[in-house]
Every structure is written in C-alpha cells, then in structure tokens.
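Hello,

Please find the structure below, with the sequence alongside. My notes on what was found in it follow.

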Amino acid sequence: MVENERRDRQGTACWWQPLGCEVVLATRGHDALALVDGLEPGGPGSPHAIFMDLAMPGSDGWETVRRLRAAGWGGVPLAIVSANAFDKGLQARNLERGVADFLVKPVRRIEILDWLESRLALQWTRGPAVPSTAGPDVLLQGRPSPEAKELEPLLSLVRLGYYKGIVQ
C-alpha cells in the first residue's frame, strides 16, 4: 500500500494482517518504486496487489502508477484509493492510464475484501471464533456497560471501516 497518511496506512494494514496477508507499506511513490526494484512481477517477494493513494509528496500516485506500468508491473492488480475520486478530471485520467479500479476514502473494509477477492480470485473462509479471555469487567475497567443505542453510532463507523471516525 502506498499512502502518505500514517493512520490510513496503519488502519488498513490492521485489516489485512489478521487475514494472513503480508502487508508492505510505502509513504511515497519513490518508496514504492524502490520496494519493487529488482523484483520480478509474479516472482518471490513481489506484490500480488497494489493500493495507491494519489496525493503524496514528490511523485503523486498517477506518476507512480505510470512508472510502475513502464517497469513491467502492468499485470499486477492496482486500485487507486483516494478521497478525490469524484473529481471528473481524475475519473478521465483514471481511464486513460489503464486503472479501472477506484476505491473512495473512507474505504469500507468490505470493499477492499471484495476487490481482493475479485482481482486475486480468492475464496474467503471463516475459521472458528476465538473467545476472549478477558471478561467484560476487565475490558470496561469498572465502567458501566453502555446501552446498545449508545453504541450504534460507533458500530456504524466500524461497519464502514472508517478508522478516523472510530478514533474520534
């Protein structure tokens, strides 16, 4: 994932790691290009998918995509992840550059999972739930349990996968 916002990088990586995915993070386009330098697409250590932010210092996401494609990475599924996806200019550039996949921030976890499933021909399976060893008293540290209606706004943010909203 190439993303200059630390919270977005860490939040999204937290979604993938429990699924057994190895996540490699880059903060700028230049860093992403350095990470794949010397690797062969489809070879050992190469990414199976790339998520690219657009607004980054130095080379923006479009320039990084262009350079990745020129370096032979055109066959690796790539999705633009941006809050600016509804800008008509970006949509036109998106199609011109051969990037058909655009995920709008805040990205919902289910969107990423669906995208990965589709692009990588994955089939998700569920394992048994792991029970928590800490009881409610330990988790709430003596605070009263909230009512369900008090939790609904937070649960809505969780369902959306809106990391910044959850933290706030």
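**Backbone, rings, pocket and confidence**

Ala 121 is exposed, as its relative accessible area is 70%. Please keep in mind throughout that this is a predicted model. Ala 121 sits in the loop between α5 and α6. Its phi is near 55°, which is a positive value in a residue other than glycine. Pro 106 belongs to the loop between β3 (102-104) and α5. For context, most residues other than glycine have a negative phi, and most peptide bonds are trans.

Next, the aromatic side chains. The count comes to two aromatic pairs. In one of them, the ring centres of Trp 16 and Phe 51 are 4.9 Å apart and the planes lie at 25°, under the 30 degrees cut-off, so this pair counts as stacked. Trp 16 is part of helix α1 (residues 6-16) and Phe 51 is part of strand β1, so the pair ties together parts that are 35 residues apart in sequence. Trp 16 and Phe 51 are both buried. Ring pairs also bring in Trp 115, giving a cluster of Trp 16, Phe 51 and Trp 115.

The largest pocket has a volume of about 700 Å³. It is lined by 27 residues, and those closest to its centre are Glu 22, Val 24, Pro 47, His 48 and Ala 49. Three elements, α2 (29-36), β1 (50-52) and α5 (109-120), each give two or more residues to the lining. Of these, α2 gives the most, with three residues. By residue type, the lining of the largest pocket divides into 22 nonpolar, four polar and one charged.

Mean pLDDT for the protein chain is 80, and 80% of its residues reach 70 or more. Which helix has the lowest confidence, and which element has the highest? The lowest is helix α6 (residues 136-140), at a mean of 50, and the highest is α2, at 93. Over residues 134-138 pLDDT stays under 50, and for this stretch the model has two contacts beyond four places in sequence. Where pLDDT is low, the predicted coordinates should not be read in detail.

Regards

Methods. Residues are numbered from 1 along each chain as its sequence is written. Side-chain values use heavy atoms; hydrogens and water are left out. On a 1 Å grid over the protein atoms alone, a cavity is a set of points where a 1.4 Å probe fits but cannot get out, and a pocket is an open set with protein on both sides within 12 Å along at least five of seven lines; lining residues have an atom within 4 Å of a point. Grid points are joined across faces, edges and corners, and a volume is the space filled by probe spheres set on the points. Helices (H or I, at least four residues) and strands (E, at least two) are DSSP runs, numbered from the N terminus. Ala, Val, Leu, Ile, Met, Phe, Trp, Tyr, Cys and Pro count as nonpolar, Asp, Glu, Lys and Arg as charged, and the others, Gly among them, as polar. Rings of Phe, Tyr and Trp (its six-membered ring) pair if their centres lie within 6.5 Å; planes under 30 degrees apart count as stacked, over 60 as edge-to-face and the rest as tilted. Buried means under 20% relative accessible area, exposed over 50%, partly exposed in between (1.4 Å probe, protein chains only). pLDDT is the predictor's confidence in each residue, from 0 to 100. Contact means heavy atoms within 4.5 Å.
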